[in-house]
Amino acid sequence: MNIESLKLKKISALWIIVILVLFIASIVLGILMRLNQGKVIEQSPLTFYTNMTTHGLTMIGIWFAAGMVAVNYLLQRYVKTSYGVNLFAFILTVIGVVMLWITTYAGKFSTGWTFLYPLPFRDLGSESWSTPLFLISLTVLGVGWLVWSVSLMAQILKKYTLSQAFAWQHFKSNASVETPPFILITTVTLIGVIASLIAAVIVIILYFAEYFSHGDFVNDALLMKNLIYFFGHTIANEMLYLGLAVIYEIFGEVSDRPKWKMTWYISLAWNCAMIFILTAFFHHLYMDFVQPQALQIVGQLASYLASIPSAAVTVFSIVAAVYGVKVRWSIVNLLFFLGVAGWVIGGLGAVIDATISNNIMLHNTLWVPAHFHTYNAMGNVLFSLGFFYWFSTQYVDKLVLSKLTKYTLALLIIGGIGFLMAFYVAGANSIPRRYSTYPVELTSGPYLAKVGALFASIYLIAILIFFYNIAKRCFVILSASSR
Amino acid sequence: MFRYFICFFTLACFSFFVYANDNHSELREEQNIYGKIYNAPLHLSGSSKVTSVESLYSRKPLIVALVFTRCYGICNPYLLQLSENIKQLQSNTDFNVLVVSFDPRDNLKDMTNLAKQYRLENNRQWNFATTDSINEFINSIGFNPKWDSITQQFDHDALLVGVNEKGLITKNLLGIRTVDDLQLMIRSIHNVFIPSYRLPTKSNIFSCFNYDPKTQTNRPGLGLLFVALPAIITFLIVIIIVIKSKRAAA
């Protein structure tokens, strides 16, 4: 094994361990929130909202990083990537997360992960230093990820021309050069990631400008909300696409099936996703009456056009790969398969909510966490767990579907579905989101929160078993030498 | 030629946004919203009893107009417009109007004469009043008239204040306004959501829209350009990477 390859493997193993540790901690925070809503435990509103802020930001951060780790690792098959940049991103991520947790737990910063303007400047019971530290922590994370994304993009564009990276040659018959689907999806995703991180940079600059101006400069709430959702919505979707890029690359490989080839419709679908995902965030502003109506319509159309083509070709490709043929099922391709199902179901929930006529009913109800937890907890997490499993076993162990693995998967599915159903049912019953406790009128709210907490605990048990299996192999990789 | 066209087009776009933002005023309709109005004792014209602001708003939501009877300027056209607007409303009985003088020189007789001027002295919806606690009252609203000793007049805004049945200020209207604006105020004092947006100030330079109270229209502001900025910068980054890659390959 050459030293460069080993270094990449080690840094990837380190990322995986840190991501899983933070994931477990964040699930615990989520369960505590649901227990509080279910009146099983009693947290102060401040504690609830610091937990909510930490939970949301950590989850977004770690699963974005997980997608980047997987893509960086697999990209090595096509282009040379920089170990130094990967390490730099890891160090900044660890520093950023530590600062973030200090901000929320020592500083009691509690605006929610969307940190909507002007909440960071309002006295919500937090320490005065927590707002600048929060902004610094986001800066540290953003710089690390932006440098990483630009570096990967640069490496792709060293080998492929821009039109090849976007697979535009596949719109014509007999393309002279074939662009692997993995390269196309990674390219379009990195573009979205870079755009979303730049939106975050602008938001942070505007927040700092107001913070240091002492009242001489104030921000525009509509602008800040647009930019925050440009960042937040886009990155939350792009991290799913990173996971899908991984599936396109290794699903065939682990299933003893041929690798997926690029076609014109895959190219078209992902080019659509790249363009429309950058404007789909407007659906978060349906209730903002000052937003021009044209942008609201763009928000709905883009939500459909960003998700439906890419979902359709991915589902078609996956079903075509497994239907009527002998497939070597392992925990990896099962996780990928289930993850795609979770992504599609969550995506449907999202599209329902992104439809203006439905949003009037569902806006800021628990339907919103229902759908984003579906495509994250039962979609993106499974994509990344599949990759982690594949990564940790490819040199250390064999991919087998043992009984324990089957039971663990069953726990994950039962826990995940139960936990999500509690959200969906509550959302359909107009139970509001982001309430630390429910008023007496919302009788089903506490009951469904308890159900959610119970099933989330089952999900947590499954994740702990996965963590044990994956982490022990990652530690073996970390201790390996190049000889 | 094409390069010049692009430069000219870009400059034209930017000058449009700059023009759109060059429109600041010291308007402050958003001030004191959801603040409690001061419960001042009131002397109502046509009544010998002392009442209070609370006793009025707890019966029906209130629209408060602040005037002084010796005004040579805005007060008369503003009261006239208000009374005309109220007449135009389809349903105009579910609120009361309180006209309070902020001039200590005004007495009940002055206020009664003012009511007569508009033929409102017998209209039970309209209450013309003076108060001994005018400073506390106008401070709770954020109304700040300035005395000009040369003209012997107050320099003041034409302000209408909407107060709901709990005594909370739900909306302010500055200047002589249309019946549509008045309807928004009436909805707000009945606790119905009404859309509002912060007016431009000198400290708020990146608004997505700038509202022009004269024309009552919204114009796109510099902030809208910022929404597109991440995509534009990303495009530029990709172009720079492509150019650098091509140079390195050459």
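This is a predicted model: local features need pLDDT of at least 70, side-chain atom pairs count only at pLDDT 80 or more; totals for chains, interfaces and linings use all residues.

Visitor: Is the pair of A:W367 and A:Y424 stacked or edge-to-face?

Guide: The ring centres of A:W367 and A:Y424 are 5.1 Å apart. Planes over 60 degrees apart count as edge-to-face. The planes of A:W367 and A:Y424 stand at 80°, so the pair is edge-to-face.

Visitor: Which parts does the pair of A:W367 and A:Y424 tie together?

Guide: Both A:W367 and A:Y424 are buried. They lie 57 residues apart in sequence, so the pair ties together separate parts of chain A. A:W367 belongs to helix α12 (residues 367-393) of chain A, and A:Y424 to helix α13 (residues 403-428) of chain A.

Visitor: Are the rings of B:W126 and B:F128 stacked or edge-to-face?

Guide: B:W126 and B:F128 are both buried. Their rings are 6.1 Å apart, centre to centre. With 20° between the planes, the aromatic pair is stacked.

Visitor: Which residues is A:W270 in contact with, leaving aside its neighbours within four places in sequence?

Guide: A:W270 is one of the residues that touch the most other members of the largest nonpolar core. With those sequence neighbours left aside, its contacts are A:L184, A:I185, A:V188, A:Y241, A:L244, A:Y248, A:S310, A:V313 and A:T314.

Visitor: How many residues of α6(A) are buried?

Guide: Helix α6 (residues 181-213) of chain A has 33 residues. From first C-alpha to last it reaches 48 Å, close to the 48 Å expected at 1.5 Å a residue. This helix is mostly covered, and its buried residues number 28 of 33.

Visitor: With which side chain does the side chain of B:D103 make a polar contact?

Guide: B:D103 is placed in the loop between β4 (96-101) and α4 (108-117) of chain B. Its relative accessible area is 4%, so B:D103 is buried. Not counting residues up to four places away in sequence, B:D103 touches B:F68, B:R70 and B:F154. Its side-chain polar contact, at 2.8 Å, is with the side chain of B:R105.

Visitor: Is B:Q183 buried or partly exposed?

Guide: B:Q183 lies in helix α6 (residues 179-189) of chain B. A residue is buried under 20% relative accessible area and exposed over 50%. The relative accessibility of B:Q183 is 38%, so this residue counts as partly exposed.

Visitor: How many disulfides does a search of the whole structure find?

Guide: A disulfide needs two cysteine sulfur atoms within 2.5 Å. For B:C75, the nearest cysteine sulfur is that of B:C71, 3.4 Å away, and B:C75 is in no disulfide. Over all chains, the number of disulfides found is zero.

Note on methods:
Residues are numbered from 1 along each chain as its sequence is written. Chains are lettered from A and ligands numbered from 1 in the order in which they are written. Side-chain values use heavy atoms; hydrogens and water are left out. A nonpolar core is a set of buried Ala, Val, Leu, Ile, Met, Phe, Trp, Tyr and Cys residues joined through side-chain atoms within 4.5 Å. Buried means under 20% relative accessible area, exposed over 50%, partly exposed in between (1.4 Å probe, protein chains only). Contact means heavy atoms within 4.5 Å. Rings of Phe, Tyr and Trp (its six-membered ring) pair if their centres lie within 6.5 Å; planes under 30 degrees apart count as stacked, over 60 as edge-to-face and the rest as tilted. Helices (H or I, at least four residues) and strands (E, at least two) are DSSP runs, numbered from the N terminus. The expected span of a helix is 1.5 Å times one less than its number of residues. A polar contact is a pair of N or O atoms within 3.5 Å; within protein, one must be able to donate a hydrogen and the other to accept it, and residues adjacent in sequence count only if both atoms are side-chain atoms.
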